[in-house]
Amino acid sequence: MSAREIVSAEGIDVFYGTSQILFGLSLSVSEGQTMALLGRNGAGKSTTMKALAGIAPPRTGRIRVLGREVQGARPHRIARAGLGFVPEDRQVFPEHTVEDNLIIAAKKGPAGQDHWNLARIYEMLPLLEPLKNRMAGNLSGGEQQMLTIARTLMGNPVALLLDEPSEGLAPVIVERIGALIRKLRDMGVTVLLAEQNMHFCLGIASHATVIDKGQIVYRDSIEALRKDETVKSRYLAL
Ligand SMILES: Nc1ncnc2c1ncn2[C@@H]1O[C@H](COP(=O)(O)OP(=O)(O)O)[C@@H](O)[C@H]1O
Ligand SMILES: [Mg+2]
């Protein structure tokens with residue numbers, strides 16, 4: 001029996017104005033998978049994430065969350081359906097404390113899930129607790145990245161969409177973010193992880209989908225990709 005599909009795109013075309021960015025793209029993430037979405041800069045990773053989250057709605061094709069069609073729905077409705085999107089620009093409320101940022105984001109999941117609360121977040125991300133009374137705007141880039149992931153978890157999503165969480169961060173912070181995603185994976189959280197850097201995804205992701213020029217060009221286990229020199233040299237910057 002195959003695992004339940006949590007989120008999928010089927011044959012989506014996405015445009016910015018008159019320029020087409022995604023071409024009949026299909027992608028599926030099953031329960032408990034940690035799916036890496038890999039591709040060079042400009043390949044369409046962020047656009048794919050934004051399409052799933054309702055920020056760049058597809059002109060044609062379907063998007064499903066837990067089997068329900070959500071294409072064309074507003075981003076807040078898709079969030080309520082269970083997609084927890086962490087965009088690359090790390091949106092926190094800078095004038096609010098870390099703890100207020102977490103409290104504001106608290107909600108139950110689509111089936112009433114309430115696993116995540118402040119205590120569980122601080123247990124998972126112990127670095128945040130001593131910062132709880134700090135203004136979010138005064139955190140370092142790495143701390144803000146942790147906070148945006150934590151805020152999204154407070155919404156009890158059925159899948160977490162992370163757009164290049166390691167981008168622009170110091171190696172020691174990148175390592176911590178990797179450890180956090182591994183912990184989430186081991187808890188069974190479903191993750192779609194957009195990354196340019198395949199090495200970051202090794203030891204984290206279970207599966208890999210490769211995107212190039214707005215189309216999916218490869219899908220397999222991350223281990224199979226690791227050994228595939230042709231695909232790596234053709235589609236990934238290594
Ligand atoms: N707001 C936008 N308006 C027009 N073109 C855009 C916009 N955002 C991204 N693009 C273009 O869409 C393509 C895919 O971008 P993006 O999805 O951000 O790629 P990636 O995340 O893989 O680097 C690129 O050619 C980029 O220049
Ligand atoms: Mg991007």
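Biologist: Leaving aside neighbours within four places in sequence, which residues is Leu169 in contact with?

Modeller: Leaving aside those neighbours, Leu169 is in contact with Arg90, Gly141, Gly142, Gln145, Val174 and Ile177. Contact means heavy atoms within 4.5 Å. Before we continue, please note that this is a predicted model, in which local features need pLDDT of at least 70 and side-chain atom pairs count only at pLDDT 80 or more, while totals for chains, interfaces and linings use all residues. Residues are numbered from 1 along each chain as its sequence is written, chains are lettered from A and ligands numbered from 1 in the order in which they are written, and side-chain values use heavy atoms, with hydrogens and water left out.

Biologist: Why is Leu169 called buried?

Modeller: Buried means under 20% relative accessible area, exposed over 50%, and partly exposed in between, with a 1.4 Å probe and protein chains only. Leu169 has a relative accessible area of 14%, and therefore counts as buried. Leu169 lies in the loop between strand 7 (159–163) and helix 6 (171–186); helices (H or I, at least four residues) and strands (E, at least two) are DSSP runs, numbered from the N terminus.

Biologist: What makes Thr148 buried?

Modeller: The relative accessibility of Thr148 is 4%, so this residue counts as buried. Thr148 belongs to helix 5 (residues 141–154). Apart from neighbours within four places in sequence, Thr148 is in contact with Val86, Arg90, Gln91 and Val92.

Biologist: Which class does Leu66 fall into, and which does Lys213?

Modeller: Leu66 has a relative accessible area of 32%, so this residue is partly exposed. Lys213 has a relative accessible area of 64% and is therefore exposed. Leu66 lies in the loop between strand 4 (60–65) and strand 5 (68–69), and Lys213 in the loop between strand 9 (207–212) and strand 10 (215–221). Although not a glycine, Leu66 has a positive phi of about 50°; Lys213, also not a glycine, has a positive phi of about 45°.

Biologist: How do you know that helix 1 is mostly covered?

Modeller: Of the 9 residues in helix 1 (residues 45–53), 8 are buried. Among them are Lys45, Thr48, Met49 and Leu52. Gly54, with a positive phi near 90°, follows helix 1.

Biologist: What is the largest nonpolar core, and which residues have the most contacts inside it?

Modeller: A nonpolar core is a set of buried Ala, Val, Leu, Ile, Met, Phe, Trp, Tyr and Cys residues joined through side-chain atoms within 4.5 Å. The largest has 47 residues, and those with the most contacts inside it are Leu38, Ile121, Leu128, Leu160 and Leu225. A second, separate core of 31 residues includes Leu25, Met49, Ala56 and Ile63.

Biologist: How many helices and strands are in the chain, and why is the chain called as compact as a globular protein of that length?

Modeller: The chain has 9 helices and 10 strands. Its radius of gyration is 17 Å, close to the 18 Å that the globule rule gives for 238 residues, so the chain is as compact as a globular protein of that length. The radius is taken over C-alpha atoms, and the rule is 2.2 Å times the number of residues to the power 0.38. Buried residues make up 50% of the 238 residues.
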